[in-house]
Amino acid sequence: MTTRPAPEPARHVRVIAAGGTIAMSGAGGATPEFDAESLIASVPGLAAHEGLEAQTVANLPSAHLSLTQQLEICHAARDAARRGIGVVVTHGTDTLEETAMLCDIISDAEAPIVFTGAIRTASAPGADGPANLVDAVSVAASDDAAGLGVLVVFGGEIHHSRVVRKTDTTSLTAFSSPQIGPLGRVTEGHPTIWSNLPRNPTLDPPGLEKRVFIVPTSSGDDGSLARAALATEPDGVVIGTLGAGHLTPELLALWADAAERIPVIAYCRPERGVILNSTYGYAGSEMDLRLTNVIPAGFLSPQAARMKLLACLACGLSIDEIRWAFSQDDG
């Protein structure tokens with residue numbers, strides 16, 4: 001019986017720590033403890049990776065991160081990847097998908113950028129952070145992951161940041177990609193990638209100071225929430241639709257009027273699917289929605305669509321330019 005040798009890393013890897021459960025310890029109320037250096041040192045499986053670098057950008061629960069801090073994390077990852085260094089960002093899972101999406105929006109680097117984290121704290125029995133970190137480093141070091149955009153590695157699965165969602169609060173496979181499934185897996189330290197997503201043109205927002213709300217909808221929606229959100233004069237909104245792009249005629253009229261002044265991005269409430277084009281013709285159907293200035297989000301989740309809209313607004317894009325940017329995910 002032969003033993004498969006461990007692969008030699010194809011590139012140096014930098015671990016950028018941003019906090020989260022993976023960096024927390026303590027029984028009965030875990031709190032942030034590990035920075036990037038101590039996090040690496042705590043995982044014996046990383047000893048074989050020579051040239052592993054450490055950088056701490058933040059050490060916070062991800063629910064506490066501001067948009068400015070999220071952009072700072074993304075800039076640190078992009079800057080390292082532009083120099084040919086593979087990057088692993090350790091991040092809290094509460095908002096990991098938002099920061100990973102933002103990083104994909106701004107990153108034009110070929111070197112892999114990989115986000116990971118943990119569901120169980122470092123002091124918990126069966127802590128998953130060490131395995132996730134080892135897997136993420138193996139992907140970030142792999143030439144096979146180069147040029148794919150920003151990835152999320154969690155529970156042995158490789159996901160793309162544009163489609164990944166946190167779909168379970170406590171499972172060790174907390175992340176999934178409802179639209180397309182994972183791009184690959186990591187087995188015994190060996191990444192296997194079997195699919196990819198085309199990369200979109202990047203944006204380079206100087207900051208994220210604009211105000212964008214996510215406004216859901218449900219049965220019997222009388223428009224009170226929509227009117228309350230619009231009364232605060234946001235710079236843009238991301239709105240929920242039922243089914244494949246359906247609203248009451250009155251609510252659609254309200255959003256259509258708003259879409260003449262600010263960008264209004266529409267997502268589908270189901271986790272899979274996109275807004276249809278011409279299946280239904282009743283008032284408030286997708287046919288009516290597509291006749292307005294409302295912009296379909298395509299397969300993006302509401303939280304991913306919000307990050308993209310924030311970046312578009314920060315770059316000064318017009319509503320027509322924003323429509324073109326979102327059309328890339330509305331195939």
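1. Ground rules. Residues are numbered from 1 along each chain as its sequence is written, and side-chain values use heavy atoms, with hydrogens and water left out. Since the model is predicted, local features need pLDDT of at least 70 and side-chain atom pairs count only at pLDDT 80 or more, while totals for chains, interfaces and linings use all residues.

2. The open sheet. Four strands make up an open sheet, in the order E13-E14-E15-E16, with parallel pairing. Strands here are DSSP runs of E with at least two residues, helices are runs of H or I with at least four, and both are numbered from the N terminus. Two strands pair if DSSP finds at least two bridges between them. At the edges sit strand E13 (212-215) and strand E16 (295-296), each pairing on one side only. E13 runs parallel to strand E14 (residues 236-241), and four bridges join them. One of the residues to look for is Val 212, whose bridge partner in E14 is Gly 236.

3. Helix H8. This helix covers residues 302-314, 13 residues in total, and spans 18 Å from its first C-alpha to its last. That is close to the 18 Å expected at 1.5 Å a residue, where the expected span is 1.5 Å times one less than the number of residues. Is H8 mainly buried or exposed? Ten of its 13 residues are buried, so H8 is largely enclosed by the rest of the structure. Buried means under 20% relative accessible area, exposed means over 50%, and partly exposed lies in between, using a 1.4 Å probe and protein chains only. Among the buried residues are Met 307, Lys 308 and Cys 312. After H8 comes Gly 316, with a positive phi near 75°.

4. Ser 285. You'll find Ser 285 in the loop between strand E15 (264-268) and helix H7 (286-290). Ser 285 has a relative accessible area of 0%, so it counts as buried. Its side chain reaches the backbone oxygen of Tyr 280 at 3.0 Å. Setting aside neighbours within four places in sequence, Ser 285 is in contact (heavy atoms within 4.5 Å) with Gly 245, His 246, Leu 252 and Tyr 280.

5. His 246. This residue is in the loop between E14 and helix H6 (249-258). With 12% relative accessibility, His 246 is buried. What does the side chain of His 246 join in a polar contact? The partner is the side chain of Glu 286, at 2.8 Å. A polar contact is a pair of N or O atoms within 3.5 Å; within protein, one must be able to donate a hydrogen and the other to accept it, and residues adjacent in sequence count only if both atoms are side-chain atoms. Beyond four places in sequence, the contacts of His 246 include Thr 241, Tyr 282 and Gly 284.

6. Two glutamates to check. Glu 188 has a positive phi of about 50° although it is not a glycine. It lies in the loop between strand E11 (184-187) and strand E12 (190-193), and at 69% relative accessibility Glu 188 is exposed. Glu 233 also isn't a glycine, and its phi is positive at about 55°. Its place is the loop between helix H5 (224-231) and E14, and Glu 233 is exposed, at 66% relative accessible area.

7. Asn 132. Helix H4 (residues 129-140) holds Asn 132, which is buried at 3% relative accessible area. Leaving out neighbours within four places in sequence, Asn 132 is in contact with Thr 116, Gly 117, Ala 118, Phe 154, Gly 155 and Gly 156.

8. Residues lining the largest cavity include Arg 165, Cys 268 and Phe 299. On a 1 Å grid over the protein atoms alone, a cavity is a set of points where a 1.4 Å probe fits but cannot get out, a pocket is an open set with protein on both sides within 12 Å along at least five of seven lines, and lining residues have an atom within 4 Å of a point.
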